[in-house]
Amino acid sequence: QVQLVESGGGLVQAGGSLRLACAASGRTFSIYAMGWFRQGPGKEREFVAAFRRNDGSTDYADSVSGRFTISGDNAKDTVYLQVNSLKPEDTAVYYCAAGVRWCYGNGCYVDSRQYDYWGQGTQVTVSS
């Protein structure tokens with residue numbers, strides 16, 4: 001089992017920044033990738049960014065590319081999401097996820113079905 005705890009959400013003005021963190025515990029050695037997803041009010045959950053632990057490669061949704069940066073600290077079993085130039089449409093609950101199954105092919109960790117464990121989420125609210 002893997003447990004995930006997110007932190008760093010909050011209320012920020014448009015154009016501002018936050019740093020989200022997701023700390024994993026339990027059988028962390030089994031994690032191949034960690035990702036961030038978000039669900040805005042009245043919207044479906046959507047992919048934001050993914051980080052592969054073995055080589056540090058990343059994937060981003062087009063809507064956040066250039067504004068958000070995902071990074072990982074394997075020694076701390078923690079993944080971070082630096083969110084800059086925030087927009088009101090970035091308002092959402094941000095969820096961290098961990099995948100313990102190897103996924104072949106570029107970009108396959110953008111699919112939520114590749115993840116096995118999920119955190120409780122952290123709220124990000126961007127005011128205009």
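This is a short tour of the predicted model, stop by stop.

**Before you start.** Numbering runs from 1 along each chain as its sequence is written, and side-chain values use heavy atoms, with hydrogens and water left out. Because the model is predicted, local features need pLDDT of at least 70 and side-chain atom pairs count only at pLDDT 80 or more, while totals for chains, interfaces and linings use all residues.

**Stop 1: the whole chain.** You will find 11 strands and zero helices. Strands here are DSSP runs of E, at least two residues; helices are runs of H or I, at least four residues; both are numbered from the N terminus. The C-alpha atoms fill a box of roughly 40 × 25 × 25 Å along the principal axes. The radius of gyration is 14 Å, which agrees with the value near 14 Å for a compact globule of 128 residues. That radius is taken over C-alpha atoms, and the globule rule is 2.2 Å times the number of residues to the power 0.38.

Stop 2: Colour by accessibility. Buried residues make up 45% of the 128 residues. Buried means under 20% relative accessible area, exposed over 50%, and partly exposed in between, with a 1.4 Å probe and protein chains only.

**Stop 3: the core.** Select L4, M34, W36, L81 and Y94. Within the largest nonpolar core, of 37 residues, these touch the most other members. Such a core is a set of buried Ala, Val, Leu, Ile, Met, Phe, Trp, Tyr and Cys residues joined through side-chain atoms within 4.5 Å. Among the strands that each supply at least two residues of this core are β1 (2-7), β4 (33-39) and β9 (92-99).

Now centre on L4. Leaving aside neighbours within four places in sequence, its contacts (heavy atoms within 4.5 Å) include C22, M34, C96 and W118.

**Stop 4: D77.** Go to the loop between β7 and β8, where D77 sits. D77 is buried, at a relative accessible area of 16%. Not counting residues up to four places away in sequence, D77 touches C22, A23, A24, T28 and R53. C22 is also among the contacts of L4.

**Stop 5: W102.** Move to the loop between β9 and β10 (117-118) and pick W102. W102 is partly exposed, with a relative accessible area of 33%. Show Y32, R52, N54 and Y109: W102 touches these, not counting residues up to four places away in sequence. Finally, draw a C-alpha to C-alpha distance from W102 to A75. They lie 20 Å apart in space and 27 residues apart in sequence.
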